[in-house]
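The following exercises concern one protein model. Please study the sequence and the structure shown below, then work through each solution in order.

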Amino acid sequence: MDTTATSGAGVRGIKFVSLGMVVLDELRLPNGRILYDVPGGSGLYSTLGARMASSACPQTVGCFVLAGKDFPDQIQHLLGHWDVRPCVQRSSDKLSTRGLVEYGGTDFKERIFSYTTPTLQPTPADLPTSLISSAAFHILASPENLTLYTNELRELRIRDASGNIGSKWPIIAWEPLPSSCAATHKDKQIEAGRLVDVYSPNHTEFLSIFDPNSNRNTEFDKSLVEKLAKDLVELLGSQTKCDKCTLIIIRCAEHGSLVLSRDHAVRWFPAYHGTVSTNSAMKVMDTTGAGNAFLGAFTARFADTGDVAEAMVYGSVASSFVVEQVGVPLLTRILDAPSSTGVSKTSDIRRELWNGINFSERVHEYKRWLEMKDLDF
């Protein structure tokens, strides 16, 4: 492949990289309007979540893109505006990964997605050394590819001769490929789940694997999801010959998210809109990418702190910004500490706002809600 690349050469301390794709979407909206070259895909949205969770050190978030010859410059500019560490490998003879999203009805709840070009799927072998050394990886893949990618990562990190990659194995957060979430793949899901630190399907995918006979048209059954997740903990623990303790995170849309493991009791975290902020339910417009952003923010914060509850709050807050519009939330920066003369100085602090709200302030609001409900944050 003939490629050109831009990257943060020589950068150390990368903590997050996604092996998901960045997709150029054509959106056909309910009102008939069509939007072109809208950035999307699990790679973009998980990186966005990690970025929102890393405002103090955004350049510890890497963003790898396999791009075609038609990849728009404005998306590279967007990554630059986010201040992440991009590595865009552009092919001179292939098209970028493109998708079509068709919304049904009068709102954004029904949507059909399809790829319109051959996909450019990153693998660990595509990554530069600076990203191979990441402390954590988000991977959306089938069980078979997840196994291949983890083996490939291990080999690449061992082979590095520069001494930049330590012996510590990175955090692996696995989002199973939706098409692999079926009862026929249950055993493969369990086997692959033993290889990772975080296993995170959404609730419909989870039920498709572990309770395929349940009626999807009935109301959300919290107790059923909880029971099946507890059963999965036992299944993951059996035949495990290492000390790895896989965290199970089931993302349940407006019903919140569930986390548990062999070492962590069941705990639910509510969705921000409609629960923590009861006056903001109407702000939910389009949930595309919310689950990816949740997992990106969770993984980045977990890599920073090792605190599961803290990381769950960050994931919940990151997804809350993603659902407020079609496409990605808007990042702006305001002067937080103007000088006494009113003239901006390089030492002045610029505060980040996503859709006009500071991420940390929403995190604090979420934590206060948990404390008020005596949920022992």
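The structure is a predicted model.

**Exercise 1.** State in which strand S91 is placed, and determine whether S91 is buried or exposed.

*Solution.* Step 1: S91 belongs to strand β6, which covers residues 85–91. Step 2: the relative accessible area of S91 is 1%. Step 3: a residue under 20% counts as buried, so S91 is buried. Step 4: a polar atom of the S91 side chain lies 3.2 Å from the backbone nitrogen of K94.

**Exercise 2.** Check whether the span of helix α10 agrees with its number of residues.

*Solution.* Step 1: helix α10 comprises residues 359–372, that is, 14 residues. Step 2: at 1.5 Å a residue, the helix should span 20 Å. Step 3: the end C-alpha atoms of α10 are 20 Å apart, which agrees.

**Exercise 3.** Identify the buried residues of α10 and the elements against which they pack.

*Solution.* Step 1: F359, R362, V363, Y366, K367, W369 and L370 are the buried residues of α10. Step 2: because these residues cover an arc of only 155° around the axis, they lie on the same side of α10. Step 3: R368 and M372 are exposed on the other side of α10. Step 4: the buried residues of α10 pack against α1 (42–52), β14 (267–269), α9 (308–322) and β16 (350–354).

**Exercise 4.** Describe what caps the N-terminal end of α10 and what follows α10.

*Solution.* Step 1: the cap at the N-terminal end is N358, with a side-chain oxygen 3.0 Å from the backbone nitrogen of S360. Step 2: D374 follows α10 and has a positive phi, near 55°.

Note on methods
Residues numbered from 1 in each chain as written. Predicted model: local features only at pLDDT ≥ 70, side-chain atom pairs only at ≥ 80, totals over all residues. Heavy atoms only, no water. Helix = DSSP H or I, 4+ residues; strand = E, 2+ residues; numbered from the N terminus. Expected span 1.5 Å × (residues − 1). Buried < 20%, exposed > 50% of the residue type's maximum accessible area, 1.4 Å probe, protein only. Arc of directions from axis to C-beta. Contact = heavy atoms within 4.5 Å. Polar contact = N/O pair within 3.5 Å; in protein donor to acceptor, adjacent residues only side chain to side chain.
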